[in-house]
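Please brief me on how this protein chain is put together. Keep it short, and group the points by topic.

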Amino acid sequence: MQSNNTTARNWGLDLGRATEAAAIAAGRWMGFGQRDAADTAAAEAMYDALNALDMDGTIVIGEEARHSGMSSLATGRQIGQGGPALDIVVDAVDGLNLLALGHAGAIAVAGATARNTMWSPAPAVYVDKIVADRDLAGALVPECMDAPAAWTLALAARVKRKQVRDLVVFVLDRPRHVHLIEEIRRAGARIMLRRDGDIAGALLAASPDKGVDLLMGIGGAPEAVIAACAVKALGGAMLVRLAPQSEAERAEIEAAGLDTRRILSCDEMITGDQVFFAATGITDGNLLNGVRYQGNKAETQSLVLRCDSRTRRHIYTEHFLQE
């Protein structure tokens with residue numbers, strides 16, 4: 001970063017104000033079945049909060065990579081009132097379907113790093129990944145990406161001093177994961193299946209006290225970069241490889257000169273230790289409580305992470321709303 005003030009300031013707290021604003025705006029749409037309206041409201045609230053900060057921010061991966069249509073949080077957009085140069089990655093609602101249906105686990109997230117230290121996999125849409133907590137940080141090796149799931153689960157069980165049957169693996173409930181789910185079940189591990197919430201799943205796997213040992217499977221490339229900010233700040237482990245799901249995506253990746261065989265670690269996705277992350281619950285979940293509204297008041301619960309100091313803050317905030 002470009003100044004001493006940058007390294008001294010905990011930008012995670014500033015990001016937390018932005019995720020709180022997004023969560024409060026999005027929470028009003030819970031259960032309405034209107035994904036786009038909820039996403040737009042959250043994105044606009046997050047943009048306003050981020051743009052008020054004294055930073056020279058660039059959104060490295062924006063909302064349009066995950067959702068159709070224009071977004072106030074588009075890739076390449078400059079944000080902030082001037083100051084230290086930061087790379088920003090955001091998702092105003094991780095788990096839009098969860099929010100629209102009133103299900104648990106929707107969160108608002110944002111990450112920040114020093115300028116030019118954040119991997120941008122565009123035009124890739126999907127990546128294959130494994131996420132684990134700090135206990136497995138030294139044991140999760142690139143070979144795990146090609147090994148049978150049973151091999152990786154046996155490794156995790158041995159390092160964690162557990163039986164394989166006591167492991168819990170987070171997997172997105174998608175047709176592409178049919179064989180992976182079968183492998184995990186045959187190995188004897190338990191599975192937490194979720195239709196949505198890729199970033200929340202990575203946070204659960206990387207946190208040492210949430211009861212999830214691993215995340216495995218193919219998810220969004222932008223979500224992987226956001227998750228990498230959190231995983232690195234938590235001291236966890238992450239392996240990622242591009243996994244195009246169509247010939248068109250593969251052709252775009254090849255045209256961009258990206259290597260679909262390369263396996264990246266968390267440190268290769270996010271270089272340096274000036275990494276900040278924040279998440280705020282929108283609907284109740286395993287990770288965070290959702291937004292509570294009462295009259296002109298809202299209550300939020302947030303997680304704020306800082307990599308260089310390895311601090312993990314859980315923040316309860318009471319907001320007075322101007323209707």
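The hairpin of β12 and β13 has two residues between its strands, and G295 takes a positive phi near 60° there. This is a predicted model: local features need pLDDT of at least 70, side-chain atom pairs count only at pLDDT 80 or more, and totals for chains, interfaces and linings use all residues. Residues are numbered from 1 along each chain as its sequence is written, and side-chain values use heavy atoms, with hydrogens and water left out. Helices (H or I, at least four residues) and strands (E, at least two) are DSSP runs, numbered from the N terminus. Two strands pair if DSSP finds at least two bridges between them.

**Strand β13 and its partners**

- Strand β12 (residues 292-294) pairs with β13 in the antiparallel sense over three bridges.
- R292 has E299 of β13 as its bridge partner.
- β13 also pairs with strand β14 (residues 311-320), antiparallel, over 10 bridges.
- In that pairing, L305 stands opposite R312 of β14.
- β13 and β14 form a hairpin too, with four residues between them. R310, in the turn, has a positive phi of about 55°.
- Strand β11 (residues 275-281) runs antiparallel to β13 and is joined to it by five bridges. Here A279 stands opposite L303.
- β13 (residues 297-306) is mostly covered, with eight of its 10 residues buried. Buried means under 20% relative accessible area, exposed means over 50%, and partly exposed lies in between (1.4 Å probe, protein chains only).

**The six-stranded sheet**

- Strands of a sheet pair through backbone hydrogen bonds, either parallel or antiparallel.
- An open sheet of six strands has the order β7-β6-β8-β5-β9-β10, and its pairing is mixed.
- β7 (190-194) and β10 (264-265) stand at the edges with a single partner strand each, so one side of each has no neighbour in the sheet.
- Helix α6 (residues 178-187) packs on this sheet and touches β6 (168-172), β7 and β8 (214-220). Its direction makes about 155° with that of β7.
- Strands β5 (residues 126-132) and β9 (residues 237-242) run antiparallel, joined by six bridges. A132 stands opposite A237 of β9.

**Helices**

- Helix α5 (residues 149-160) packs with α6 at an angle of about 50°, their axes 9 Å apart. Axes are lines fitted to C-alpha atoms, for helices over the stretch in contact, and angles run from 0 to 180 degrees between N-to-C directions.
- α5 and α6 are therefore oblique to each other. Angles under 35 degrees count as roughly parallel, over 145 as roughly antiparallel, 65 to 115 as roughly perpendicular, and the rest as oblique.
- A149, A150 and L153 of α5 make the contact with L180, E183, I184 and A187 of α6. Contact means heavy atoms within 4.5 Å.
- Nine of the nine residues of helix α7 (residues 198-206) are buried, so α7 is largely enclosed by the rest of the structure. Among them are D198, G201 and L203.

**Nonpolar cores**

- A nonpolar core is a set of buried Ala, Val, Leu, Ile, Met, Phe, Trp, Tyr and Cys residues joined through side-chain atoms within 4.5 Å.
- The largest core has 50 residues, of which L203, M238, M269 and F277 touch the most other members.
- Helix α8 (residues 221-234) gives the largest share of this core, 11 residues.
- Leaving aside neighbours within four places in sequence, M238 is in contact with residues including I130, L140, A224, V231, L264 and M269.
- A second, separate core of 37 residues includes I79, A110, I282 and V304.
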